[in-house]
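Trainee: I'd like to learn how to read helix packing and pockets. Please walk me through a case.

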Amino acid sequence: MAKTINLEIFKRFFRTEQTGGVLLLICVAISLLIANTSAKDSFIRFLETQVGFGPVNYSILAWINDALMAIFFLLVGLEIKRELIEGELSSVKSAALPVIAALGGMLVPAVIYSLLNKGTETAGGWGIPMATDIAFALAIMAMLGKNVPPSLKIFLAALAIVDDLGAILVIAIFYTSQIHFEYLAMAAGILLLLGLLNYFGVKRLVFYLIPGVLLWYCIHHSGIHATIAGVLLAFTIPTNETDIESPLEKLEHALTTPVNYLIMPVFALANTNITFQKEMLTGLVSPLGLGIIIGLFAGKTIGVSLFSWLAVKLKWAELPTGAGWKHLLGLGMLAGIGFTMSIFIALLSFNEATHIAEAKFAILTASVLSGVLGYVFLRVMKVKG
């Protein structure tokens with residue numbers, strides 16, 4: 001990179017991600033415990049409690065999945081923009097491998113799921129195994145310490161960010177309800193205003209965040225999933241290519257802690273409440289369960305590794321510094337940790353409670369399998385390239 005980059009932002013982000021991953025695990029355990037005790041019904045009633053007034057009166061669960069997750073996607077959008085401007089994605093050369101690897105990591109799992117679920121009522125869940133959970137994947141990578149080169153950690157972060165962008169596009173295009181164009185037009189007008197503020201050099205974040213709330217409201221009512229507002233807002237926030245902290249970096253720094261220590265754990269607590277039943281074990285070998293498990297573990301591993309190999313052999317990209325093909329294979333396994341993002345897409349994919357429960361259980365199984373085997377592989381191999 002030709003210009004000086006504020007690397008402290010990434011360091012803070014990575015440290016918080018790995019700690020946030022531990023907190024996520026705790027909330028997953030608590031949610032599973034609640035779902036399998038007498039507290040289950042009370043917890044469900046709590047999540048169904050309406051909060052708000054007038055046109056913004058939603059259940060607590062809706063506030064979590066639509067509003068809090070929009071803030072999560074705002075942070076993801078900020079990360080994507082920063083990487084495009086000054087990070088791992090700032091040039092064609094540096095961006096090629098994580099982008100191509102992420103593409104393989106999305107396409108192959110989707111194809112595997114679609115083949116296994118073709119002609120079934122669960123065919124619409126093909127987007128579930130496409131996602132990679134940034135928090136958990138980076139937390140596992142951090143636990144490996146010196147067993148992997150530092151460049152591999154940055155590569156995984158870049159791949160996961162591109163993967164999230166792909167998941168966001170999939171949600172926007174394929175997992176939306178009926179479109180209301182009047183609200184979409186208002187959202188476009190607000191987005192244009194935000195773009196003009198950026199163009200004319202307005203730096204104060206308040207002038208972006210207040211219209212951003214209105215943008216969320218309009219998109220929420222347009223039929224496109226409200227979380228997309230977070231990404232759109234992020235791309236209008238001003239940034240720079242110097243070591244002077246930009247408005248984008250200030251906002252990213254401000255959001256990193258609450259997102260990883262509050263929003264993501266709360267999402268996991270509210271959405272991982274799986275009540276275990278004997279039928280779920282059968283569900284693991286159903287087209288739905290197999291599509292998710294094979295898609296996330298095998299699909300991600302094959303997709304990331306194969307597409308990376310093709311990109312390097314075709315001289316479109318280069319391996320990360322100090323990394324070898326076994327590193328990429330292990331990284332592909334870690335990319336199979338879908339978890340929060342996969343659960344989020346599962347909630348949009350199905351209306352039937354049985355399918356949602358089976359999908360959550362399969363996602364949990366696949367993510368544990370990917371995380372454990374990916375960690376063990378990279379730990380035991382201690383490969384140098």
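Trainee: At what angle do the axes of α6 and α14 cross?

Mentor: An axis is a line fitted to C-alpha atoms over the stretch in contact, with angles from 0 to 180 degrees between N-to-C directions. Helices are DSSP runs (H or I, at least four residues), numbered from the N terminus. Here, the axes of helix α6 (residues 150-174) and α14 cross at roughly 5 degrees and come within 11 Å. That makes α6 and α14 roughly parallel to each other (under 35 degrees is roughly parallel, over 145 roughly antiparallel, 65 to 115 roughly perpendicular, the rest oblique). Bear in mind that this is a predicted model, where local features need pLDDT of at least 70 and side-chain atom pairs 80 or more, while totals for chains, interfaces and linings use all residues. Numbering starts from 1 along each chain as its sequence is written, and side-chain values use heavy atoms, without hydrogens or water.

Trainee: Which residues of α6 and α14 meet?

Mentor: From α6 come D164, A167 and I171, and they meet M341, F344, I345 and L348 of α14 (contact means heavy atoms within 4.5 Å). By class, that contact has six nonpolar residues, no polar ones and one charged (Ala, Val, Leu, Ile, Met, Phe, Trp, Tyr, Cys and Pro are nonpolar, Asp, Glu, Lys and Arg charged, the others, including Gly, polar).

Trainee: How do α10 and α14 pack?

Mentor: Their angle is about 50 degrees, with axes 11 Å apart, so α10 and α14 are oblique to each other. On the α10 side, M264, F267, A268 and N271 meet F339, T340, I343, F344 and L347 in α14. That contact counts seven nonpolar, two polar and no charged residues.

Trainee: What is the angle between α14 and α15?

Mentor: Helix α14 (residues 339-349) and helix α15 (residues 353-381) pack at about 165 degrees, their axes 10 Å apart. They are therefore roughly antiparallel to each other. F339, S342, I343, A346 and L347 of α14 touch I356, A359, K360, I363, L364 and S367 of α15. Eight of those residues are nonpolar, two polar and one charged.

Trainee: Which element gives the largest share of the lining of the largest pocket?

Mentor: That's α15, with six residues. The largest pocket holds about 540 Å³ of space (a pocket is an open set of 1 Å grid points, over the protein atoms alone, where a 1.4 Å probe fits, with protein on both sides within 12 Å along at least five of seven lines; lining residues have an atom within 4 Å of a point). Of the 23 residues lining the largest pocket, N273, A353, I356, A357 and K360 are the closest to its centre. By class, the lining has eleven nonpolar, seven polar and five charged residues.

Note on methods:
Helices (H or I, at least four residues) and strands (E, at least two) are DSSP runs, numbered from the N terminus. Grid points are joined across faces, edges and corners, and a volume is the space filled by probe spheres set on the points.
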